[in-house]
Amino acid sequence: MIRSIIKEVQKPEPIVALWNWPLPFWLMVSYIVAFGALGLLPITTARDVDITNPDAFSWFMAGNIAALIMLWVVVRNIWSALIDEREEARQNPAKKQTAAELSVRKLLGLTESHTRPLWIVILFGFGVMVGVDAVSLALGRGGVFPIGLDRIEQDMIDAWIAATIFYAILRPLIEAIIFQGILYAALAKHLEDNLLAVLITAAVYALFYFLQVVGNGGWLTAYWGILFPFALNVCAGIARASTKSTWSAVGIYSLTGLFILLSTAIAV
């Protein structure tokens, strides 16, 4: 089974990315800026909350705002790349038909699976992440949860609603698009090795989260800042590369996010 999955992963991508290195890294930086400057700052100011120690509702609402802003930024950038490709196709008749068939959705891989049914791949990836979480608990992680969930209480209904939207819908969508739809696609294009592209994307994803929790120490940094995001992104990346569909990554992120929420609700 593993050998067949690797073969599926290494099959050429049906659509080659129209962008290069600057775009995915610029989007990651923009995501962090959007969270802080456009999400957390106005919300904490309006609610008279300390921005250096925001409550759970402020944290998740900032994340939701940042995700919505980034969805608009991503679509705008990919649409611009598509316009440039169509302009180039006018000068090159050989590319005209190919450019005409492209769309933002196809370029981001938001299409049906090319191999196994999406639901099977999503459930398999989710099962792996449940196993990773179980191992971490056996090793002594205890009740250490990601930033945001570490300050939520049972009676914070508004915070739970904001967290559910964040973990189940908006964060899975924007992170799958940025990392599997854009960064992985660019790496696969330049490296011509999809499995290596998956691993590098996972390493960048882990670094992205590590930089947000570095300095906290303990399981928060080691697990939620390195091990968990790396394992999650490897699962999502293999799913994306094997199915050629970014929806598979969205599904794994979403189910894993709901699992984290449920684990937190039981623990608090």
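Helices (H or I, at least four residues) are DSSP runs, numbered from the N terminus. The structure is a predicted model, in which local features need pLDDT of at least 70, side-chain atom pairs count only at pLDDT 80 or more, and totals for chains, interfaces and linings use all residues. Residues are numbered from 1 along each chain as its sequence is written, and side-chain values use heavy atoms, with hydrogens and water left out.

**Confidence**
- The protein chain has an average pLDDT (the predictor's confidence in each residue, from 0 to 100) of 93, and 97% of its residues score at least 70.
- Among the elements of the chain, the highest mean pLDDT, 97, belongs to helix 7, and the lowest, 64, to helix 4 (residues 96-101).
- Where pLDDT is low, the predicted coordinates should not be read in detail.

**Loop residues with positive phi**
- Lys244 sits in the loop between helix 9 (218-243) and helix 10 (246-267).
- The phi of Lys244 is near 65°, a positive value in a residue other than glycine.
- Lys244 counts as buried (under 20% relative accessible area, against over 50% for exposed and partly exposed in between; 1.4 Å probe, protein chains only), because its relative accessibility is 6%.
- Glu192, in the loop between helix 7 and helix 8 (194-213), also has a positive phi, near 55°.
- With a relative accessible area of 71%, Glu192 is exposed.
- Most residues other than glycine have a negative phi.

- Beyond four places in sequence, Val74 is in contact (heavy atoms within 4.5 Å) with Leu27, Leu108, Ile174, Ile177, Ile178 and Ile182.

**Ser248**
- Ser248 is part of helix 10 and is buried, at 0% relative accessibility.
- Apart from neighbours within four places in sequence, the residues in contact with Ser248 are Leu118, Val121, Ile122, Ala239, Arg240 and Thr243.

Notes
Helix = DSSP H or I, 4+ residues; strand = E, 2+ residues; numbered from the N terminus.
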